[in-house]
Amino acid sequence: MSDWSGALRQRLAGLRLSPAREAEIVEELSQHLDQRYEDLRADGASDEEARRAAAEELLDPETLNRSMRTLRQANLPLPREPGAPAPGRLGNVSQDVRYAARMLLRQPAFAAAGIVTLALGIGVNTAIFALVDATLLRALPLPDPDRLVMVWERTERTPRSGVAPLNLIDWQERTRTFEVLGGMVPNVGGMVMAGADGTAETVPRQWVTAAFFDALGVKPIAGRTFVPDDDRRRADVVVLSEGFWRARFGADPGVIGRDIRLDGSPYTVVGVVPDAAQLLARTSIWAMLSTHGAPPAARGAYFLQAIGRLKPGVTIDAAGADMSAIADALAREFPTTNTGRGITLAPMHEAVFGAELRQTSMLFLGVVAVVLLICCANVANLLLARATTRTRELAIRSALGADRRRIIRQLLTESLLLAGIGGALGLAVGTVILRAAPAMIPQGLLPTAVTLTFDLRLVVFCALAALVVGLLFGLAPAWHATRIEPAPALGAGSRTATSRGGRLRAILVAGEVATAVLLLFGAGLLLRTLLVVEQVDRGYEAESVLTMLVDPLGSQYPNDQAMLQFYETVEHEVMALPGVRSVAWASTLPLGPSYFGRYFFEVVGEAAPVESQRPAADYQIVSPAYFETLDLALVTGRGFDDRDTSASPAVCIVNEAFVRHHLSGRSPIGARLSVRPSGAPRAQPVVREVVGVARQVKGRPDETEELLQIYVPLAQDPVDDIFMVVRPTTGLAGALAAPVRAAIGRVDREQLVSVRSVMTLEDIAWEATARHRFRAILVMAFAGLALLLAMVGLFGILAYSVQQRVREFGVRKALGAGTREVLRPLVSDALRVIAAGAAIGLASCALIGQLLDGLLFGVRPLDPVTLAAVPLVLLLTALLAVAAPAWRALRIDPATALRGE
Amino acid sequence: MLDRELKKGSAELIILSIVEERARHGYEISKLIEARSAGQLTFHVASLYPLLYRLEERGWLQGRWIEKAGERRRRFYGLTAEGRRVLARQRETWKSFVRAMGLVTGVDHV
């Protein structure tokens, strides 16, 4: 066999192959020639003949070179000559990136720790940015959103009162600053829509004035929106939302102009609008509320929310002055209703999102920015630690003539690559959080206008975050690295661990531990609060109770008598079902929202309180069986029964707190209360005699003030929109939902459509604690993240400390050190850092307790259980962080460690 | 030996066909071409390998160093998905070319 490499290299000379590629080609071609030689020999050729014949494969000296010349691999960019002008920037950058990628791959654990840290930090920031973007940055999805203004009437006591329809009409006629003013009824109600096939469903509906869509600037996607003529004709017309149109009518354009039956009456569909019109309230149908020819009394009915669109170029201050002048004029013209009623204006964006939500968003952003800073500290830490091990490499490069800028650039490229990968993963983490968030955020916490979406803005934010983060954590180690003096670093080898950076790193990690302890403590307090709130004594004993809202149709049950008759028939029908123990009716449920709110009352025979301090109590209408159904005890007196009718003397039952606060020192039974709705202070009061005292129930799970209640018999104050309450003899109440609905259907098939909010009392209690749960989960998530980061930081310094001291551990082991001796320095390092961090964190716990005080319930700000639990959690997780480096230290083989250099 | 020009145009097709069923190393490729053409076609080192590298740069072939126990590592060339498509296309072209030549010249190639 021969060595062909000389001949081959000669032929390849002049091609610009990379050295590695050239070696490969020489290897491959040599093999070919060798094999050719061997085959020829096997065929009987002499050594000389075989060698010559094989060499002929190379043909003339030029062929190989000529056929290779046009290949890409043979035309690599020229190497940079000393003193030659710099080559293209990009080529150099890609070289840097490749080198950086190799460096990261060489230390996968280091790279993974850094990338995971960054992915979590950037991911959380991305999710919170989506919230901030939705609430603070993004313009409302309507044309010229800057010109949209919310308008309220203002009195001395309520700066944002509703608007009376007649005032709205006058404003529209007289204003010189608004292009158009529309109105809406803020609450979205339900309408029963009958389908052609006999089915029916309840559809969310909002009443709006004819100019509503013009004010918002919403253009129809099919048909038209309301026009003044609709208002003049007092037409029964509706506009559908796009989503509803698609879902319910299959986007059929033929539905325009057709009548649909709502609450039993025909309404004409005039158009379809995009879902952006749902900005102020989520609804499927907008029904036109005609204000044309409203009676003069309508000037005293303040029930509308007005929305105005300013003329182009008009400021909100100018509009304010204009509207005040109009309000003054109206006050002079209609003194009885309009005296003292001014105008309040606010930009729509501000009004929709509210100062509180915007502050919360900013607070969140602040918190997660701190988390991101911890991430940066962590990665900087890892890089600093690595920089000490790379001292030698950098010293060699600098001795070979790499200038300082070149080295900084190389190190920054590594940081940015790390940040880039972390950022990309962070985007994924953020997306996951955003996808999971809607299920966790309690309803009503965010206005309807807030939609957390994933879009290009998020990607840009993520990229920017990664860039800033990469520069931030990369600069310090890069700067640190360039200050290395080549001579001593080369001379000393990598044996000396610089303790200079070590102290700084330990302080950083201790700070992280302190932050984690603080957040853990906060999370613990909120968790304890959640537990207290969930186990609160609700006052009633029934375990499982089914509830549903029933709303008798006005067309079928026009008067109280018919309504009561309906309730009674349904009650009988449901009672007849197997497995039903009792059935009752109630206007409000424990822990549920109060439908009637508070009523003013006075105890008859006692001095009347001043008007501004009139006491009020929660007003609840119940049927006689209510107390039995919920197993709510009566402390004294009697419950309601058949004696309490509309014709008999008015009676009521009060609760224990009511007696303590207003009837103490006397027998509550027989006391007489004068009761009237607080929403209508001038209404005629009803005098009711107290016949019983009920046990205290909770209005809210975390109420700090006892709920005062006045129960009134249904027969004496019949209402529609009432909850039916059904208690089973045994088992879970949820199973009764279907048979109960069927029973209602047997009484009145059409009525079935009004049945909604089918829930058990358990469900209601769960919803009532949703805010507490949300807060606890949120802060726990942050605490968990902070803890994780702190532990990654701890792991980082320990792992590097082990790597730095491989020799030392080796020597110790060679000298006969056991497990205990090897682990002692490591564990004591870890303990020092944890103890310092925990001490600072625990010392600051009083502060966070104070901050959270308003959110706590049934837990003291310095709860000892939480105080004890936090260090325990910390120690347990620290064990995990210590385990891996300890394992590595124990497995160091003395022989290898000593030979290592 | 066939005409030089013809060989040059069809060299790619020949190599792609040779590695169609499985990846082969350079020497094996050259031996197979020689054997299958009954000695009519031969590729030398200086022409075969540049061609292999070119096909590799075009993404039609992929070369991989493969090490077998007790042997030196060798570079094996296999078809890529793109290479497979090109081969099918070139075969079609070749067939129609041969048919056309037959019709024009009256030479029966079948």
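## Basis of the model

The structure is a predicted model, in which local features need pLDDT of at least 70 and side-chain atom pairs count only at pLDDT 80 or more, while totals for chains, interfaces and linings use all residues. Residues are numbered from 1 along each chain as its sequence is written, and chains are lettered from A and ligands numbered from 1 in the order in which they are written.

## Chain A overall

Chain A contains 29 helices and 22 strands; helices (H or I, at least four residues) and strands (E, at least two) are DSSP runs, numbered from the N terminus. Of the 901 residues in chain A, 38% are buried. A residue is termed buried if 20 or more other C-beta atoms lie within 10 Å of its own, exposed if 12 or fewer, and partly exposed in between, with C-beta atoms placed from the backbone.

Among contacts in chain A with a separation of 6 or more, 83% join residues 24 or more positions apart. Two residues are in contact if their C-beta atoms, placed from the backbone, lie within 7 Å.

## Strand 6 of chain A

Strand 6 of chain A spans residues 237-241, and five of its five residues are buried. One side carries V237(A), V239(A) and S241(A), and the other carries V238(A) and L240(A); both faces are covered.

Strands of a sheet pair through backbone hydrogen bonds, either parallel or antiparallel. Two strands are taken to pair if DSSP finds at least two bridges between them. Strand 6 of chain A runs parallel to strand 8 (residues 265-273) of chain A, with five bridges, and V237(A) has T268(A) as its bridge partner there.

In chain B, three strands form an open antiparallel sheet in the order 1-3-2. Its edge strands, each pairing on one side only, are strand 1 (24-25) and strand 2 (61-66) of chain B. Two bridges connect strand 1 of chain B with strand 3 (residues 74-79) of chain B in the antiparallel sense, and R24(B) has Y77(B) in strand 3 of chain B as its bridge partner.

## Contact between the chains

The contact involves 16 residues from chain A and 14 residues from chain B. On the side of chain A that touches chain B, helix 2 (19-42) and helix 4 (63-69) of chain A are the elements that give two or more residues. Helix 2 of chain A provides the largest share, six residues.

The residues on this side of chain A comprise seven nonpolar, six polar and three charged. Ala, Val, Leu, Ile, Met, Phe, Trp, Tyr, Cys and Pro count as nonpolar, Asp, Glu, Lys and Arg as charged, and the others, Gly among them, as polar.
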